[in-house]
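Biologist: Could you put the model up so that we can go through it together?
Modeller: Of course, here it is.

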Amino acid sequence: MRLVVRELACRRGARELFRGLGFTVEAGRALVVTGPNGAGKSSLLRLLAGLAPPVAGSIRLEGAPESDTFGEQVHYLGHLDAHKLALSAADNLRFWRDLLGRGPSQGSVLGVEAAMEEVGLGGLGALPVAVLSAGQKRRLALARLLVAERPLWILDEPTTALDSSAQALFTALARAHTAKGGLLVAATHAPLDLGPSESLDIGAHAARTARDPDGGDPDGVDPDAAFAGEASS
Ligand SMILES: Nc1ncnc2c1ncn2[C@@H]1O[C@H](COP(=O)(O)OP(=O)(O)OP(=O)(O)O)[C@@H](O)[C@H]1O
């Protein structure tokens, strides 16, 4: 399976954020999206998650089962955790499991209690989410990734509000996901060591295409030229 993005363009309001954006994320690898505030990282992730249509270009998940829609292949965690504050932590997770899961036959998913233990929230399941700390809410959002199996994780600043142990936990979860053939795209301002990965500086890409009004990256042929570099481990 691989995520293939070609000639993607995005406009928010009157402003074009980027165009001519192309990259590929192979199974077992991560793409780390960086760039200054307002560069368009969240906007790109929303396009990849199918939450907004691109102005131009294509987004394909090659090799995915034809029986599943694109949306059924994706876990998306945005800036906001989208918890129901009045419900308990465990009930929130049950909601997401029921919404995102595809039945009891899923291979490596955890149950609600086990997922909460995994993210360090063991014993807090009965608490309303409203009383959880910011970091605990983020941990609960990460637990969503564990209760339903989806090959493509799209994560917007996943380590926001996480302490150092939770950041390490996130890194381990992300690496385990790619190690078993999953794909991951994460926007971040913090360094993330996600194992086999590429990086994309979306601000630099926009600057290049602004200098070259005919569009595309400087060499004009390599759709993967948006990658700012590669760090494998
Ligand atoms: N609904 C909207 N209408 C108009 N402009 C928008 C809308 N949503 C976002 N924008 C603008 O699009 C630009 C890109 O926003 P985006 O959230 O994608 O940036 P970002 O790179 O994720 O930034 P940050 O690092 O601050 O999270 C910003 O200038 C923002 O103000």
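Modeller: Thr188 lies in the loop that runs between β7 (183-187) and β8 (197-201), where strands (E, at least two residues) and helices (H or I, at least four) are DSSP runs numbered from the N terminus. This is a predicted model, in which local features need pLDDT of at least 70 and side-chain atom pairs count only at pLDDT 80 or more, while totals for chains, interfaces and linings use all residues. Residues are numbered from 1 along each chain as its sequence is written.

Biologist: Why does Thr188 count as partly exposed?

Modeller: Because Thr188 has 19 C-beta neighbours inside 10 Å; a residue is buried with 20 or more other C-beta atoms within 10 Å of its own, exposed with 12 or fewer, and partly exposed in between, with C-beta atoms placed from the backbone.

Biologist: And which residues does Thr188 touch?

Modeller: Leaving out residues up to four places away in sequence, Thr188 touches Val32, Thr34, Glu157 and Thr159, contact meaning that C-beta atoms, placed from the backbone, lie within 7 Å.

Biologist: New topic: how do the axes of α4 and α5 cross?

Modeller: The axes of α4 (residues 134-147) and α5 (residues 164-179) cross at roughly 10° and come within 11 Å, the axes being lines fitted to C-alpha atoms over the stretch in contact, with angles from 0 to 180 degrees between N-to-C directions. The two helices are therefore roughly parallel to each other, a label for angles under 35 degrees, with over 145 roughly antiparallel, 65 to 115 roughly perpendicular and the rest oblique.

Biologist: Which residues make that contact?

Modeller: Gly135, Arg139, Leu142 and Leu145 of α4 meet Ala166, Phe170 and Leu173 of α5.

Note on methods
Two residues are in contact if their C-beta atoms, placed from the backbone, lie within 7 Å.
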